[in-house]
Amino acid sequence: MASCGMDGTCRLWDIKTQKNVLAIPAHSNEVLCCDFNKYENLIVTGSTDNTIKLWDLRQVSSPVSMLFGHRYPVKKVKFSPFSKDILLSCSYDMTVRLWNVMDPVDPLKKTHDKHHEFVQGIDWSQHIDNTVASISWDQKMYVWNPLAEQPFVP
């Protein structure tokens with residue numbers, strides 16, 4: 001299990017022994033979110049420093065990559081359940097962003113900017129490939145396909 005917190009770390013726990021087995025010094029600011037990649041030995045973190053960092057769990061001395069683009073704290077990060085390279089993030093900057101974490105040149109693939117308040121949550125459908133939902137303080141929820149040319153479900 002993983003947790004994140006105000007001390008800038010992302011911690012991995014052995015749930016059987018209830019002990020902290022790894023502390024990743026992930027950010028210099030508070031870490032608001034983390035998520036495992038189910039295909040690789042990777043975990044991703046999002047922070048109040050507005051960045052997203054990708055970590056190889058076998059070597060956590062420095063991040064594999066850093067993603068820049070959000071202008072305010074990153075509230076949630078979520079790997080796709082269908083693709084090892086695709087990541088979704090949302091932020092207090094009122095956007096949802098789609099990333100290809102393995103693209104070293106241009107990882108940001110799409111920005112969803114339809115919300116008018118802080119985006120609080122995102123998630124992938126576990127049953128419908130490439131379908132996501134985002135929710136915001138604007139009391140709206142969008143369900144959409146971020147990989148489609150016209151991504152919003154009417």
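Let me start with Trp55, which, once its neighbours within four places in sequence are set aside, is in contact (heavy atoms within 4.5 Å) with Ile24, Pro25, Ala26, Asn41, Leu42, Ile43, Thr45, Val60, Ser62, Pro63 and Val64. Before I go on, please keep in mind that this is a predicted model, in which local features need pLDDT of at least 70 and side-chain atom pairs count only at pLDDT 80 or more, while totals for chains, interfaces and linings use all residues. Residues are numbered from 1 along each chain as its sequence is written, and side-chain values use heavy atoms, with hydrogens and water left out.

So where does Trp55 sit, and is it buried or exposed? Trp55 belongs to strand 6, residues 52-56, where a strand is a DSSP run of E of at least two residues, a helix is a run of H or I of at least four, and both are numbered from the N terminus. Its relative accessibility is 2%, and therefore Trp55 counts as buried, given that buried means under 20% relative accessible area, exposed over 50%, and partly exposed in between, with a 1.4 Å probe and protein chains only. The side chain of Trp55 also makes a polar contact with the side chain of Thr45, at 3.1 Å; by that term I mean a pair of N or O atoms within 3.5 Å, where within protein one must be able to donate a hydrogen and the other to accept it, and where residues adjacent in sequence count only if both atoms are side-chain atoms. Further off along the chain, Cys10 is 45 residues away from Trp55, with 10 Å between the two C-alpha atoms.

Now to the sheet. Strand 5, residues 42-47, runs antiparallel to strand 6 and is joined to it by five bridges, and within this pairing Ile43 has Trp55 as its bridge partner. Two strands pair, in the sense used here, if DSSP finds at least two bridges between them.

Let me turn to the start of the chain. Strand 1 (residues 2-4) and strand 2 (residues 9-14) are antiparallel and joined by three bridges, with Cys4 standing opposite Cys10 in strand 2. These two strands make a hairpin with four residues between them, and Gly8 in that turn has a positive phi of about 85°. Strand 2 then pairs with strand 3, residues 19-25, in the antiparallel sense over six bridges, and Arg11 has Ala23 in strand 3 as its bridge partner.

As background, most residues other than glycine have a negative phi.

Next, the aromatic rings. The structure holds two aromatic pairs, where rings of Phe, Tyr and Trp (its six-membered ring) pair if their centres lie within 6.5 Å, and planes under 30 degrees apart count as stacked, over 60 as edge-to-face and the rest as tilted. One of them is Phe118 with Trp137, whose centres are 4.8 Å apart and whose planes stand at 50°, so the pair is tilted. Phe118 lies in the loop between strand 11 (108-112) and strand 12 (119-124), and Trp137 in the loop between strand 13 (132-136) and strand 14 (141-144), so that the pair links distant parts of the chain, 19 residues apart.

Finally, the chain as a whole has zero helices and 14 strands. Of its 154 residues, 42% count as buried.
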